[in-house]
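Hi there,

Here is the structure I promised to pass on. Have a look at it first, and my notes follow below.

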Amino acid sequence: MASVKLPQSKARSRKDGAAIPLDETDKRLMNLLQSNFPLDPEPFALLASQADLELDDVLGRTQRLLDGRIIREITPIFDTRALGYESMLVAARVDAENPQRAAAIVNAHPGVSHNYLRTHDFNLWFTIATPPDSKLGLKGTIEALMAETGAESMRELPTLTLFKINMNLEMEKGTEALAAPVEAVPPRELEPQPYDEDDVALIKALQGPMEAVARPYDTAAQQLGISTEELLDRLRAMVDRKILRRIAAILFHRRAGFSANGMGVWKVPEDEIMEVGGRMASFRGISHCYQRPTYEDWPYSVFTMAHGRSKEECDAVLDAIAEECGMGQDDRATLYSSTEYKKIRLHYFTDDYARWEAEHS
């Protein structure tokens, strides 16, 4: 029997860290932009006050980080499941000699936000979402992709419990901060939430990149024919209703110096998942933590995404979790990304989904 060709991790450290020079003020600002972008008419002025900087300096630095592709975009982060979209992580076993062909087919679906080649015989890992009015639905869409890619197998790995989702890279501190538990994270609700046409119009007007200008919310408010204060009130209500998670800067994590990401997967006994999953989610270096279903050939029930400036830093985060939670080597595995085929923010309530289904059903 021929051996399966496994992709090799390309995780490496940049000699000078980020792709462009970053000083300590840049790093402090990036932490604020990722975690604390305000729902205020003049959010950059508030950030300038917090960082003890002048507004023009904050706007200039932010634009430089956008132009240098350190910051991917500043954008609203809406909750896919709260909006009634079905979503799922899928692990596929595709042609190891030419995974690019399958990746291109998967990438063409507008609901695919992430797609990676990983170091496992299940080598293509992607997240996919379908809208509430999808005729194929999520299952039908995955079946269509399996047929078109010629995948040998596709494992459906829906979220059973969401312990954490917070892609917020620590720019100022070192490995010790990433490997330390810092917060208790209660499981999130994942049920669809009610929304109306006004909500849909607001999402359409605001989704996508926001400009680095003093009053970035004004454009969407003018498009909707409402005041900026009314728009912000509606956004605050969306946060309360769990439709909007936050507004935040999303980084090109490799260009920002975080060249490695490891998917740590864990065999956690059924009766311990809620307690152990919450503890795993508390680590600063973990951006995502989920409970997912197990299979005979996939025994891992809890998934944690670790990000680091090197493979060694990712390993340190995952090793700290193992020590904290009493997990042995047989209880875990780490899958490193070899190639990033796609990483985008989803856009909601667009015609792209219907067009894709018309072409593939």
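**Where two helices meet**

Arg28, Leu32 and Leu33 in helix α1 are in contact with Phe44, Leu47, Gln50 and Ala51 in helix α2. Sorted by class, this contact between α1 and α2 brings together 5 nonpolar residues, 1 polar and 1 charged. Please keep in mind that the model is a predicted one.

As for the geometry, α1 covers residues 24-35 and α2 covers residues 43-51; their axes come within 11 Å and cross at roughly 135°. That angle is why α1 counts as oblique to α2, and the crossing of the two helices is right-handed.

**A buried asparagine**

Next, please turn to strand β3 (residues 112-118), where you will find Asn115. Is Asn115 buried or exposed? Its relative accessible area is 0%, so Asn115 is buried. The side chain of Asn115 also has a polar partner: it makes a polar contact with the side chain of Asn107, at 2.8 Å. Beyond its neighbours within four places in sequence, Asn115 is in contact with residues including Ala103, Val106, Leu124, Trp125 and Phe126. Further along the chain, Thr339, Glu340, Tyr341 and Lys342 are also among its contacts.

**An arginine in a loop**

Lastly, Arg254 sits in the loop that lies between β7 (244-251) and β8 (260-266). Its relative accessibility is 23%, so Arg254 counts as partly exposed. Arg254 and His307 are 53 residues apart along the chain, and their C-alpha atoms are separated by 9.7 Å.

Technical notes
Residues numbered from 1 in each chain as written. Predicted model: local features only at pLDDT ≥ 70, side-chain atom pairs only at ≥ 80, totals over all residues. Heavy atoms only, no water. Axes fitted to C-alpha atoms, helices over the stretch in contact; angles between N-to-C directions. Helix = DSSP H or I, 4+ residues; strand = E, 2+ residues; numbered from the N terminus. Parallel < 35°, antiparallel > 145°, perpendicular 65-115°, else oblique. Left-handed = near helix turned anticlockwise from the far one by under 90°. Contact = heavy atoms within 4.5 Å. Nonpolar A, V, L, I, M, F, W, Y, C, P; charged D, E, K, R; others polar. Buried < 20%, exposed > 50% of the residue type's maximum accessible area, 1.4 Å probe, protein only. Polar contact = N/O pair within 3.5 Å; in protein donor to acceptor, adjacent residues only side chain to side chain.
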